[in-house]
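Here is a brisk report on one chain. It covers confidence, fold, the disulfide and the aromatic rings.

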Amino acid sequence: MKKTCFHALVLSLALGSGTSAAQSGLPPRGPDYFRDAADLAGLLGSAHAIRVRCNGRDDQYWRRYMADMLAYEAPDAGNLRSSLVGSFNEAFSDTSDDYRTCDTQAVAAEARFADRGKEIATRMATHYFPKRERSGRGFE
C-alpha cells in the first residue's frame, strides 16, 4: 500500500494551511476546496473503520491523521469543523456496516481509500499550496 506518500501529502497539506490564504498569497478556499476536504475526511473515516475492524479499537492510525487535519484546517468550532467531523463519522459508520469482517476485500478497500485520499491530497496541495519558484540566490 502507498500509505507513506499519502501520509506525507496529508501532513504537508495540514501543515501548509496553518497560515491564512490572505497572509500567504494562497488561493482562497472555495467550494472545490470544501468538497475535497470533506471527501478526504470521509476517506479517512472509511479507512479508519477497516483498521478498527481488522486491528481493534486501539488502532487509531487513520484517526490520528483526521485529528491532525482538524487541528490545521478547522481548529475552532464552526461549520467547517462540523462538516469534516460529520463526513468522517458518517463514512466510518457506513464502512463499518459494509465490511463486517476483516478479509482480503476489506484490506483491499482500505488500500483503495488510501489511494483515493492520496489523489485528493495531491490535488489540494498542488492547488492550495503551490511550490515557490527558486531563485538560485540562496535565502532571501
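## Confidence

The chain averages a pLDDT of 81, and 73% of the residues score at least 70. pLDDT is the predictor's confidence in each residue, from 0 to 100. Confidence is lowest in helix H2 (residues 21-24), at a mean of 43, and highest in H5, at 97. Over residues 1-24 the pLDDT is below 50; beyond near neighbours in sequence, this stretch has 46 contacts in the model. A contact means heavy atoms within 4.5 Å.

This is a predicted model: local features need pLDDT of at least 70, side-chain atom pairs count only at pLDDT 80 or more, and totals for chains, interfaces and linings use all residues. Residues are numbered from 1 along each chain as its sequence is written, and side-chain values use heavy atoms, with hydrogens and water left out.

## Fold and surface

The chain has 6 helices and 0 strands. Helices (H or I, at least four residues) and strands (E, at least two) are DSSP runs, numbered from the N terminus. Among contacts between residues at least 6 apart in sequence, 77% join residues at least 24 apart.

Of the 140 residues, 41% count as buried. Buried means under 20% relative accessible area, exposed over 50%, partly exposed in between (1.4 Å probe, protein chains only). The accessible surface of the chain comes to about 8,400 Å² (Shrake-Rupley method, 1.4 Å probe). Carbon and sulfur atoms hold 51% of that surface.

## The disulfide

The count is 1 disulfide (a pair of cysteine sulfur atoms within 2.5 Å). Cys-54 and Cys-102 form it, with their sulfur atoms 2.0 Å apart. The pair links distant parts of the chain, 48 residues apart. Cys-54 is in helix H3 (residues 31-55); Cys-102 is in the loop between helix H5 (79-98) and helix H6 (104-128). The link is right-handed, with 100° about the S-S bond.

Are the two cysteines buried or partly exposed? Cys-54 counts as partly exposed because its relative accessibility is 27%. Cys-102 is also partly exposed, at 39%.

## The aromatic cluster

There are 4 aromatic pairs. Rings of Phe, Tyr and Trp (its six-membered ring) pair if their centres lie within 6.5 Å; planes under 30 degrees apart count as stacked, over 60 as edge-to-face and the rest as tilted. Tyr-61 and Trp-62 have ring centres 5.2 Å apart and planes at 90°, so the pair is edge-to-face. Tyr-61 and Tyr-65 are edge-to-face too: 5.7 Å centre to centre, 65° between the planes. Ring pairs link Tyr-61, Trp-62 and Tyr-65 into a cluster.

Tyr-61 and Tyr-65 are 4 residues apart in helix H4 (residues 61-73), so about one helical turn separates them. Trp-62 is buried, at 0% relative accessible area. Tyr-65 is buried at 18%.
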